[in-house]
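Open your viewer and get ready to pick out a few selections with me. We will visit the ligand and its surroundings, then move on to a sheet.

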Amino acid sequence: MTAPTPVRALPRSEPTDHPVESVIVGYGHAGRDLHHRILIALAGRGAVPRGEALVVDPVRPVDPLPGSRWLSSLPQALAALGSPASAVVHVATPVRDRARTIRDLAAAGIRRVIMEKPFAESPAAARELTDLIRDCGVDVLPVAVWPSSTITRRVVELLAAGRIGRPVSLHVEQSKPRFRRSFENSAHSSAFEVELPHQMLLALHLFGDAESVEAVSWPLRNPAGQDRMLGGATVCLRHRDGLVTTLTSDLTSPVRIRRLRLRGTEGEIVAHYPIGGDDPFGQIQVTGERDRTLLPDAPLTTFVEDCYRYFTGSEERPAGTDLRLHARVTELLAAASAAAVPGDAPSLLGRPDSHAFEE
Ligand SMILES: NC(=O)c1ccc[n+]([C@@H]2O[C@H](COP(=O)([O-])OP(=O)(O)OC[C@H]3O[C@@H](n4cnc5c(N)ncnc54)[C@H](O)[C@@H]3O)[C@@H](O)[C@H]2O)c1
């Protein structure tokens, strides 16, 4: 596998005197329920200038959030902006054709973009996108959820303090029941596009570049029709220093799990990321500690807040937003998906019940 192509660092977008306007392109689950809700919450505590947003979607939103103004096309929205250079555009459309969207935004004078994952639908598309972003002068921050998490920051501190010795293996599981959306919605066609981009980014953020070693994936059985390749997948990676990472995402899981297990030569860290925005706390425990530590954690909210601070000139580029990292995630996931052997979803009988008593 080839090393990531170096991409020139972009000049930081210049702060302007105009008020920041937010535009959300793609007002489905991510645009409405994540990005717009977060903007409203951040505006409520003064962390971003306003919760109002121009929302762009060819489909009229059925239940728009307060403060949204819907326009059906990007040109209409761009024409409605007071100052395109001071707008922040959230791209929350399905992964197809991100390059076209960035090209249209650049042509209209947009300079600041937050772009949802996955970064691109293929390694070729990722290369086209990184070249385009480098050349068109738009400052694009690809969404990096777990690098913005308090749990991840604590893991980094524990590693730096040598609390588990030399890290040997990382296992990240991000599973959830995802039936209705997978049957009804075509935003994703493979389990490698749903949670695995987040997990892969986390693994590379923590331990640097890796090679994909093996992968297995399983279908989502549809009792009423055709099966879809959205059941789940496990990917095994080897990092340059020999550390082995296993990433598992079971989208047929009966329960939500967002767990990191990091084994070292002298101990282990087990952490659970918050399983949703409605209960923003994670937990972490390290070998030798009697109790788990509870940490407030709202990583996507922190990420969006950090993006606005960066765009308005008061913060450094948010962690995990290096375009090379995202292009590499695309490359590794494509390699894993192409090499994946068909398998079965984890057996329900095999799931350990943490409080089962020995018979
Ligand atoms: N960061 C996260 O945790 C997270 C969570 C969910 C989804 N996502 C990502 O967000 C993206 C969207 O996923 P979703 O679940 O919201 O899908 P969705 O199908 O619910 O919504 C997508 C919306 O985009 C609209 N759209 C399509 N093409 C458009 C265009 N050219 N211009 C404007 N609008 C357009 C559709 O009409 C739809 O309303 C995907 O890339 C997905 O991976 C990220």
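Helices here are DSSP runs of H or I with at least four residues, numbered from the N terminus. Keep in mind that this is a predicted model.

**Stop one: the shell around the ligand.** Select the ligand and the 24 residues around it; A30, D57, K117, R181 and H188 come nearest. By class, the shell holds twelve nonpolar, seven polar and five charged residues. Now colour helix α1, residues 29–44: with three residues, helix α1 gives the most to this shell. Next, colour by domain, and you will find at least three shell residues from each of domain 1 (22–142) and domain 2 (146–299 + 321–345).

Show the side chain of D57, where an N or O atom sits 2.6 Å from a ligand oxygen. For K117, display the backbone instead: one of its N or O atoms is 2.7 Å from an oxygen of the ligand. Then turn to R181, whose side chain places an N or O atom 2.8 Å from a ligand oxygen.

Select the nine strands of the open, mixed sheet, which run in the order β14-β13-β12-β11-β7-β10-β9-β8-β15. At the edges are β14 (293–296) and β15 (341–342), each with a single partner strand, so one side of each has no neighbour in the sheet. Zoom in on β9 (residues 228–239) and β10 (residues 244–250), an antiparallel pair joined over seven bridges. Finish by selecting G232, which stands opposite D250 in β10.

Methods. Residues numbered from 1 in each chain as written. Predicted model: local features only at pLDDT ≥ 70, side-chain atom pairs only at ≥ 80, totals over all residues. Heavy atoms only, no water. Near = heavy atom within 4 Å. Polar contact = N/O pair within 3.5 Å; in protein donor to acceptor, adjacent residues only side chain to side chain. Helix = DSSP H or I, 4+ residues; strand = E, 2+ residues; numbered from the N terminus. Nonpolar A, V, L, I, M, F, W, Y, C, P; charged D, E, K, R; others polar. Domains from an automatic or database assignment. Pairing = 2+ DSSP bridges.
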